[in-house]
Amino acid sequence: MTIDYRLLSNKNAKDNALILTLPAFFEAVFTASEGKDEGQLIGGLVSGLLETTATNDLLISVAIDLNATSTATSTSTASNVIKGCVLFSRLVFTAATADKPGKAINMMLLAPMAVATTAQKQGIGQRLIQFSIQQMKQQGVDCLMTYGDVNFYGKVGFEPVDATLIKPPHSLAYPQSWLGQSLSPQPVTAFVGKTTCVRVLNNALYW
Ligand SMILES: CC(C)(COP(=O)(O)OP(=O)(O)OC[C@H]1O[C@@H](n2cnc3c(N)ncnc32)[C@H](O)[C@@H]1OP(=O)(O)O)[C@@H](O)C(=O)NCCC(=O)NCCS
């Protein structure tokens, strides 16, 4: 399997055919790992994110199987092409103190992420995040947050973040899973304030 890591753009027709397959891709992966209800929940979340989030507030990063791409001719076969996907959406960050004027903090939230069930534990997930981080550094993102398992995300630079320093959009069922990493010269502890997520994620179900 030859994997290419890249961003998808909804302005590109070929990319759009792949984007249309993403809700079903997430639903299948999460159904296999967490059960039917979670599969439907995450599939619905991905649909909502893709349909309602402004282009500038969403980054779609995928791992594509190049061998499958050469034989894919339609949307139905395009579903075999995606081996991994991670979505990043805008977190509006409001600094706790206004006494340090400077540029606004550019913050993104990683959620959700999935690697095809048959392609897991081969390093694709870690390489997909590393690729995405390089892209976001070039785009001037200062800080990346996620809500997940530190045993996985800790491998790609995330560390637990005190929810009283960077306040999450919702109260957390698992505060130890609130993770972050700085993509700027400042440490993640330098960011103190509260976050607001995009509309679809603004639902206690996901937190
Ligand atoms: C979690 C997930 C994205 C990881 O992608 P992957 O390509 O399988 O991971 P990699 O091969 O890059 O990394 C594997 C390492 O991460 C760890 N890891 C993988 N999935 C993990 C999980 N769910 N929890 C904790 N650690 C995990 C493995 O133990 C492994 O560590 P090792 O190399 O020391 O053995 C993928 O397994 C997946 O899609 N799982 C189902 C959906 C999910 O849980 N998504 C994340 C929540 S949003």
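In the predicted model, isoleucine 19 is in contact with Leu8, Asn10, Leu50 and Ile60, neighbours within four places in sequence being left aside. Isoleucine 19 belongs to helix 1 and is buried, because 20 other C-beta atoms lie within 10 Å and the threshold for burial is 20 or more. The C-alpha atoms of isoleucine 19 and serine 47 are 9.7 Å apart, although 28 residues separate the two in sequence. Leucine 20, also assigned to helix 1, counts as partly exposed, with 14 C-beta neighbours inside 10 Å. Between leucine 20 and leucine 50, which are 30 residues apart along the chain, the C-alpha separation is 8.9 Å.

Helix 2 spans residues 36-52. Its 17 residues reach 24 Å from the first C-alpha to the last, close to the 24 Å expected at 1.5 Å a residue. Buried positions in helix 2 are Ile42, Gly43, Leu45, Val46 and Leu49. These residues lie on the same side of helix 2, because they cover an arc of only 155° around the axis. In an α-helix there are 3.6 residues a turn, so residues three or four places apart point the same way. On the other side of helix 2, the exposed residues are Lys36, Asp37, Glu51 and Thr52. The cover over the buried residues of helix 2 includes helix 1, strand 2 (58-65), strand 3 (82-95) and strand 4.

A similar description can be given for helix 5. Helix 5 contains 15 residues and extends 21 Å between its first and last C-alpha atoms, close to the 21 Å expected at 1.5 Å a residue. Gly125, Leu128, Ile129, Ser132 and Met136 are buried in helix 5. Their arc around the axis is only 95°, which places them on the same side of helix 5. Gln134 and Gln138 are exposed on the other side. Among the elements covering the buried residues of helix 5 are strand 1 (3-8), strand 2, strand 3, strand 4 and strand 5 (143-147). Just after helix 5, glycine 140 adopts a positive phi of about 85°.

Most residues other than glycine have a negative phi, and most peptide bonds are trans. The peptide bond from alanine 111 to proline 112 is cis, with omega near -15°, and proline 112 is placed in strand 4. Lysine 121 has a positive phi of about 60° although it is not a glycine. Lysine 121 is situated in the loop between strand 4 and helix 5 and counts as exposed, with 7 C-beta neighbours inside 10 Å.

An unreviewed UniProt entry places the feature "domain: N-acetyltransferase" at residues 111-160. In the model, the span 111-160 is 38% helix and 24% strand, and its end C-alpha atoms lie 16 Å apart.

Methods:
Residues numbered from 1 in each chain as written. Predicted model: local features only at pLDDT ≥ 70, side-chain atom pairs only at ≥ 80, totals over all residues. UniProt positions renumbered as here; feature names shortened; annotations may be inferred. Helix = DSSP H or I, 4+ residues; strand = E, 2+ residues; numbered from the N terminus. Expected span 1.5 Å × (residues − 1). Buried ≥ 20, exposed ≤ 12 C-beta atoms within 10 Å, placed from the backbone. Arc of directions from axis to C-beta. Contact = placed C-beta atoms within 7 Å.
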